[in-house]
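Visitor: I'd like to learn how to read a structure like this. Can you walk me through it?

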Amino acid sequence: MVNANSPVSASASINKYKVKSIAIAILPLAALAFLFGLFCIVVTANDYNLELYLTNVINRGTVLVLVATGAIFIYTLGSFDISLGASTLLCATVGVLTYNSTQNVFLTVLVMFAIGVGCSLLSSLLASVFRIPVFVTTVAMMSVLSAIASQLIISNGSGNGLSLPKTVFGPLDSPWIKIAVIAVWVLLCAFLFDFTKIGRREKFLGANPFCAKLTGISMYKYAIIAFVMAGLGVVLGAIFTLSYSPTVNTGTASSIGMDILVAIVFGGMPISGGPRSKIYASLIGGFSYVLLNLTLNIVLRMAGVDSQGSQGITQIISAMVFLAVVYVASMNYRAKNLPR
Amino acid sequence: MKKFVKVLVIAMCVMAITLTAAVSLAACGKGNTTVKIGVLVADASGAEALAFRNYYENYVEKNYDVDFVYSEEVGSDATKEMAELDKLLAENCKAIISFASCDRPAQIEKCESSKVYYAVATGTLKDEEYAEYKTKEYFVGQVGPSTFTEYNVGLAMGQYYKSLTGDNAIHSVALYVGFPAPEHVARTAGILTGLGMTYSAFGQSLSGMDIVGGIYGQDNGTANLNNIQPGDSGITVTTVLSMAPGAGLDEPLQAMLAGTAPDALLGVGMVSVFMAAQLNQKQIPYADVDAFTAANKTNFESGSMRYLAGKYGSSVGPVFALIMNALNGNVIRDADGNAVSLDQGYMVAKSAEEYATNYAKESGDSPIYNKEVLDTVIGADVTYQQIADLVASK
Amino acid sequence: MQSERQVILQIKGMTKTFGPVTALKDVDLTLYRGDVLGLIGENGSGKSTITSIAAGMQKATKVESMQYKGKDWSPSSMLDALSGCGEGKGIGMIVQESGTIAGISVAENIFLGELDRFRVWTFKSGKTFGPINKKKMFKAAKDALQAIGIDNINPAAPMATLDFQARKLVEIAKVLLKDPDVIVIDETSTALAHDGRQILYNIINRFRGTEKAVIFISHDLDEIMEVCDTLTVLRDGNIIRTFDRAEYDPDEIRKAMIGRELQGDYYRSDYDPTYGEEVVLACDNLVYGDRLKGVGLQLHKGEILGIGGLAHCGMHSLGKVLFGALSPQSGTVTVTDRGGKAIVKNESIAMKHAMGYVSKDRDTESLALSASIKDNIAIAGMDKYAVGKFLIWDPLEKKYVDEQIESLSIKCSDRNQAVSTLSGGNKQKVVFGKWVGCGSEILILDCPTRGVDIGVKQAMYQLMYKLKQEGKAILLISEEMPELMGMSDRILIMKDGEIKKEFLRSKDLSDADIIGYMI
């Protein structure tokens, strides 16, 4: 404790306040644990195959978590990238085309890196050149990228999509490899985010870009870094999309952009970015989101709602949970920000 | 702090209720020994999809000891398709009937490695895919219209409109060519050929099934109005509407409705979903490839639908029979020992009366493939020929 | 004597807590019609809190009774309070920091929430519809501004294009348009230069002795004693004492405010205008729009160079141009440090050459309010505690931040406390901690003591002096003459974007000598 002479001493309420802050901080993790427990109960109570279901959770969560972890860097700036799903689709599409015409895995990965990072950089550079908010350019990019990807899929594939031999990325389709890659990627991002000057500056930019500018932090330099990180997440996401399903269709990864937003909020990431941003929000939130959806889907079907209905109700409940999470998180924030 | 406690308490209550409900419901589900068949669906809301579902859940389930577990709709996303298939497998489904076609080879391989029987309904694999997978142990087969059948459906529609004379004669048509999917392109080629038209692609004038390759190779799976060459029938195509990615249906549709109406609109599928209301209102006659449903009955009787080549809910009966036999230990193979591949046609109605007659054949209580019919092809001694004969007879 | 006067606002037993901090403890306050009541106290004493509750900005945690014009008073919002909870002539508040919206026009700000009255068409019921008649709205806004004596603000101008003073004046016009019976003026005069303050004082005088009343909050003891009829001193959420004009005694008031005698010098005590010969920051022929018209100056090592003038004289723009935050149309800024000479083209170059900048607009430009004290202080000083060039090790960062908190005596519960919860003075200390901690050799301080109480002010002046003695160079931009005269080695007076006069530090220098060159 530093200078503990608070403006007005209130040690008792400090404790309550701290307990509340800690409770809010660990709430996402507690929610994940709760959802995990509930999921296991529901699956085993139905005599479903828990091992297969858990593998399903990992399969569903991997791409979301990988892309979302990179995207945290953009969200930290208080910005928003809705084009990440389209980037993932384009990256995977071009990857398939490259491999099919060269049969060279190394070159395929290289091209995917160029596309993933390139799309991201283009978003940030467009924002920089035209001096418009980053999220505006990403909305435009989403349309452009998905149109390009669709065109490539339609003109180069059969009506069903564009396929890659399963042998190319198929070997990566193992839960343990996915867990390992997620761990390495999240740790790498966490290191950059929490233990380097880059992370500190990204967070500060999110907190107040004007003040950051007057502290010598270049918005555009750090926006580019953030987009590069998001681009790397996109590349990883595209590789693991192809490892799980070697066919890309026009609808591949289409929901990723919005899923990321919901997932990281579930994980405790403030929607306005800034210093309270957390890398692990993508990990916790991504899997919480998947577990919530699957659990609700099972429970609703058991209650007699058909799969289509349960899909709709699940979305509504997810939206309500999303709002509740934002409300609880903002309660803490508002309490800290009332005028003095 | 009070608010925080309030929110926490509410959240905990909601969670506790969910948990209790889940566990109690789960307990109710225990001890159920009914065989579970997973149904993988790309679309869950179209008339055709609903008709199939109605047949499985409200007729077959009542007459056989099976439970159909439906996936969420997977749309055109192979990753979601695979995730939903995985989910069905995790829920201990012993067989999969697939209505999803994003990546069928991946589905077959997954079911093969999971030792779960698998069949393709309403549609068929590409020839090279069938050749690759026909000997797989758990691939039971496919029952649905082949690409050639799809072409013929379009051809019959085109020929019918070309043959109309007198007051009914057609001089201008609009085409709805759907998605860049194989069945839609084949139907489009059929319609154009039936109308006596050709298609310009790669500097050549293509006709018949060749049009399919031309539309795919040159125009990304969506027919281009400029490349349609009218024949000597005097019929011209005035508008081509499509759901190709990025094309946008609404604007050209509104333009068509605002301008001089074509004598008819010929569609390759789901016209009833996307534009039936507008066409009925403007009294533009239209033809479609869809399903014999109550909605289409209304379209025929009080709307302007004049032609329908349709499936019916119980079209998916034979594929169920194949799966049921396999689950009972009778994995039916054709004469060469390969997985079953049966071509299934469409019923056609050209008038409200004809529609009513066909529709009456397929009622909820007594579908075309009712229990009596199905029982003739479900059993330990049922052969390939019996099923093939039955499908051919309907 | 007071009992004979008519009470307009009466608060009894008000308590307010913010998380762990109790801002008001069972406070009573009475405001009489015709009175101009001053509230004074150190930052965090509860002045803004009590008035903001009366003005509907927030709710009390507990209150025994709050009555306005003899009726229970519990406004749900500032608009509600301004409208007298629907009965008209309520309580209006001009807030300490910006109370306007940047993205819309001046007129739209003034008529925010009541734009319907300018719609083109009217139903028989009186309800309006259709597009806004902008001409009519601009005219009404112009009238509202003129009613308080402002005629140089264009009602159609986007709010963001106005400087801090102009924004404040628009806010005043907006509040007065509702014709409130009570206005609360919270630290507003510190945002205003001489001309702006005259407008404000005129308004206060219009309220004085009528059926209305004013609550005036300021840290400027001289100003508050001159303006107010009675003076209530708050400290640590308690009301310490109320002085009538006859009882005014600066020393007594200060003592009541800080709970002790003010020890040591307030400004620096010497009148020695010497500084180093080495020029550390220089600019030549700087042109920036109509704000700077060929400004040139030199700042030396160990010098406090004061820049004074009216709000629009260009001195605030000068500070930003010198720090590289604004690019001049012509002219260059050159910084010299151990690493040699460099042209300051942006903030990053400035920082690399050990420059620091404290903005006048503290909450927007100098602090990230949602961030913690740690985040704000640490961000500029990472080179000081980074491991290698790249890595941040949390314990080293915490140590660095704690050192700044300790040395500047920042009052906080811990380093993770959000800056938004700090009082104005402590916020400014955080800003100082950010720039002093990272070892800035050249500090550009734009109104560094704005909205800061005398205790903190004194600490800051002493810090500036200490920095000077350590050889640091300080460019002090200020609208307060005593501050400039009390601290500067040299004073440059600006007017209309040009430097008009230079004064050297002298015991004999007076306000009158300087003001002539400003106006």
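Visitor: What covers the buried residues of H4(B)?

Guide: Keep in mind that this is a predicted model. The cover includes strand S2 (247-248) of chain A. From chain B come helix H3 (78-90), strand S3 (95-98), strand S4 (117-121), helix H5 (127-133) and strand S5 (139-144).

Visitor: And which residues of helix H4 of chain B are buried?

Guide: In H4, residues 104-114 of chain B, they are B:Arg104, B:Ala106, B:Gln107, B:Ile108 and B:Cys111. After H4(B) comes B:Lys115, with a positive phi near 60°.

Visitor: Let's stay with chain B. How is the chain divided into domains?

Guide: Domain 1 takes 34-145 + 313-345 + 366-393, and domain 2 takes 149-311. Over C-alpha atoms, the centres of these two domains of chain B are 30 Å apart.

Visitor: How many residues are in contact between domain 1 and domain 2 of chain B?

Guide: Ten residues of domain 1 meet twelve of domain 2. On the domain 1 side, helix H2 (residues 47-63) of chain B gives the largest share, three residues. Sorted by class, that side of domain 1 has three nonpolar, five polar and two charged residues.

Visitor: Now for sheets. What should I look for in chain C?

Guide: Here's the general idea: strands of a sheet pair through backbone hydrogen bonds, either parallel or antiparallel. In chain C, four strands make an open sheet, ordered S14-S13-S16-S17, with antiparallel pairing.

Visitor: Why is one side of S14 and of S17 left without a neighbour in the sheet?

Guide: Strand S14 (292-300) and strand S17 (340-343) of chain C are at the edges, and each has a single partner strand, so one side of each has no neighbour in the sheet. Ignoring direction, neighbouring strands here are turned by 15° against each other on average.

Visitor: How many bridges join S13 and S14 of chain C?

Guide: Seven bridges, in the antiparallel sense, link S14(C) with strand S13 (residues 279-288). Within this pair, C:Leu286 stands opposite C:Val295 in S14(C). There's a helix to spot as well: H9 (residues 315-323) of chain C packs on the sheet and touches S13, S14 and strand S16 (330-337). The direction of H9 makes about 120° with that of S13(C).

Methods. Residues numbered from 1 in each chain as written. Chains lettered and ligands numbered in written order. Predicted model: local features only at pLDDT ≥ 70, side-chain atom pairs only at ≥ 80, totals over all residues. Domains from an automatic or database assignment. Contact = placed C-beta atoms within 7 Å. Helix = DSSP H or I, 4+ residues; strand = E, 2+ residues; numbered from the N terminus. Nonpolar A, V, L, I, M, F, W, Y, C, P; charged D, E, K, R; others polar. Pairing = 2+ DSSP bridges. Axes fitted to C-alpha atoms, helices over the stretch in contact; angles between N-to-C directions. Buried ≥ 20, exposed ≤ 12 C-beta atoms within 10 Å, placed from the backbone.
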